[in-house]
Every structure is written in C-alpha cells, then in structure tokens.
Amino acid sequence: LFPRAREAGGKAFRCVSNPYSGTLDDFHMLGHSGQPVQDMLRCSRLRTPLDALMACMHAMHLAPTAPDTLPAQPFAGLDPLVIGAAPHLLFSGGHSEASWGWKAASGCAGGGGTMCVCVP
C-alpha cells in the first residue's frame, strides 16, 4: 500500500493493525480507521462521529454493531473488540473534520478518563 513510505520515513514508518492498540511510556492508546463509528451513525440517531466514539467508550466496545451490521469475523467466547481497560486516548480516523471530547471514567475521583478524538 505504501511502497515508498519506508524509504521516505526510514524506521519511523511502521504499518500497524486495524484496530490498533499501543502503549508509549505508560500512555495507552487505542483506535481504528473509522468504520465502526460510521456504521453506528448509519444505524442510530447519534449525530456526530464524536457522539458515536463516546458511545463506544461508554459501552467499552470498539465496534458495538459488529458483526450484525458491520462486517467482522464472528468470535466464539472472548470478544477481542471489548475494551478491557479504559485507554488514555481513543481515536477514530476517516472523518470529515477533527473533533475531540473528554469521557470521564465512571467512579474515578482523580479526574481520570479517556480523550476521544476523531481525525480526518
């Protein structure tokens, strides 16, 4: 897909999975390319991609509509799309404009939570 990207970026360019989960210095980030958010908008009364991403965080699930209306492999037993622990950053790509919002962690007195970010 990006045959010359590694040449231009050296070792800085690294292909990753979709969805992606990573940690950098105890900062946990989790996200995807946007299909689950777009499917939620299509199947619900949510109005913006950020509303849908915040709903995913509330439900602690990356793709609440999969595999019913979003093509995904059905899993028996453990669902790998369940968010086990709230990340510091939850992102979704492929949207028409950037938006962001803070989702406070329920029952967390220290101001903890997740920054939800939609990116173009």
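**Entry 1: the sheet**

I started with the sheet, which is open, has five strands and shows mixed pairing in the order β1-β2-β3-β5-β4. I noted that β1 (20-24) and β4 (99-104) stand at the edges with a single partner strand each, so one side of each has no neighbour in the sheet. The twist averages 20° from one strand to the next. I wrote down the rule for pairing: DSSP must find at least two bridges between two strands. Strands of a sheet pair through backbone hydrogen bonds, either parallel or antiparallel.

I must keep in mind that this is a predicted model, where local features need pLDDT of at least 70, side-chain atom pairs count only at pLDDT 80 or more, and totals for chains, interfaces and linings use all residues. Residues are numbered from 1 along each chain as its sequence is written, and side-chain values use heavy atoms, with hydrogens and water left out.

**Entry 2: the overall layout**

I counted three helices and five strands in the protein. From the N terminus on, the elements run α-β-β-α-α-β-β-β. Helices (H or I, at least four residues) and strands (E, at least two) are DSSP runs, numbered from the N terminus.

Next I looked up burial. Of the 120 residues, 31% count as buried. Buried means under 20% relative accessible area, exposed means over 50%, and partly exposed lies in between, with a 1.4 Å probe and protein chains only.

I also looked up contacts, meaning heavy atoms within 4.5 Å. Among those between residues at least 6 apart in sequence, 56% join residues at least 24 apart.

Which way do β1 and β2 run? They run antiparallel, and five bridges join β1 to β2 (residues 27-32). I picked out Ser21, whose bridge partner in β2 is Leu30.

Asp25 sits in the loop between β1 and β2. Its phi is positive, about 50°, although Asp25 is not a glycine. Asp25 counts as exposed, because its relative accessibility is 73%.

**Entry 3: α2 against α3**

I turned to the helices. α2 and α3 pack at an angle of about 105°, with their axes 9 Å apart. Therefore α2 is roughly perpendicular to α3. The cut-offs are under 35 degrees for roughly parallel, over 145 for roughly antiparallel, 65 to 115 for roughly perpendicular, and oblique for the rest. Axes are lines fitted to C-alpha atoms, for helices over the stretch in contact, and angles run from 0 to 180 degrees between N-to-C directions.

Which residues make the contact? Val37, Met40 and Leu41 come from α2, and Pro49, Ala52, Leu53, Ala55 and Cys56 come from α3. By class, I found eight nonpolar, no polar and no charged residues there. Ala, Val, Leu, Ile, Met, Phe, Trp, Tyr, Cys and Pro count as nonpolar, Asp, Glu, Lys and Arg as charged, and the others, Gly among them, as polar.

In α2, Pro36, Val37, Asp39, Met40 and Leu41 are buried. Their cover includes β2, α3 and β3. Arg42 also lies in α2, but Arg42 is exposed at 57% relative accessible area. I checked α3 against the sheet too: α3 lies across β2, β3, β4 and β5, and runs at about 145° to β5.

**Entry 4: the core**

The largest nonpolar core has 18 residues, and Leu53, Leu62, Leu90 and Cys116 have the most contacts inside it. The elements that give two or more residues to this core are α2 (35-43), α3 (49-59) and β5 (113-118). The largest share, five residues, comes from α3. Such a core is a set of buried Ala, Val, Leu, Ile, Met, Phe, Trp, Tyr and Cys residues joined through side-chain atoms within 4.5 Å.

I followed Leu62. Beyond four places in sequence, its contacts include Pro19, Cys56 and Leu90.

Then I took Ser92 in β3 (residues 89-92). Is Ser92 buried or exposed? Ser92 counts as buried, because its relative accessibility is 0%. Beyond four places in sequence, its contacts include His32, Leu53 and Cys118.

I looked up two cis peptide bonds. One runs from Asn18 to Pro19, with omega near 5°. Pro19 is in the loop between α1 (5-9) and β1. Another runs from Ala66 to Pro67, with omega near 0°. Pro67 lies in the loop between α3 and β3.

Met60 lies in the loop between α3 and β3. Its phi is near 55°, a positive value in a residue other than glycine. At 25% relative accessibility, Met60 counts as partly exposed.
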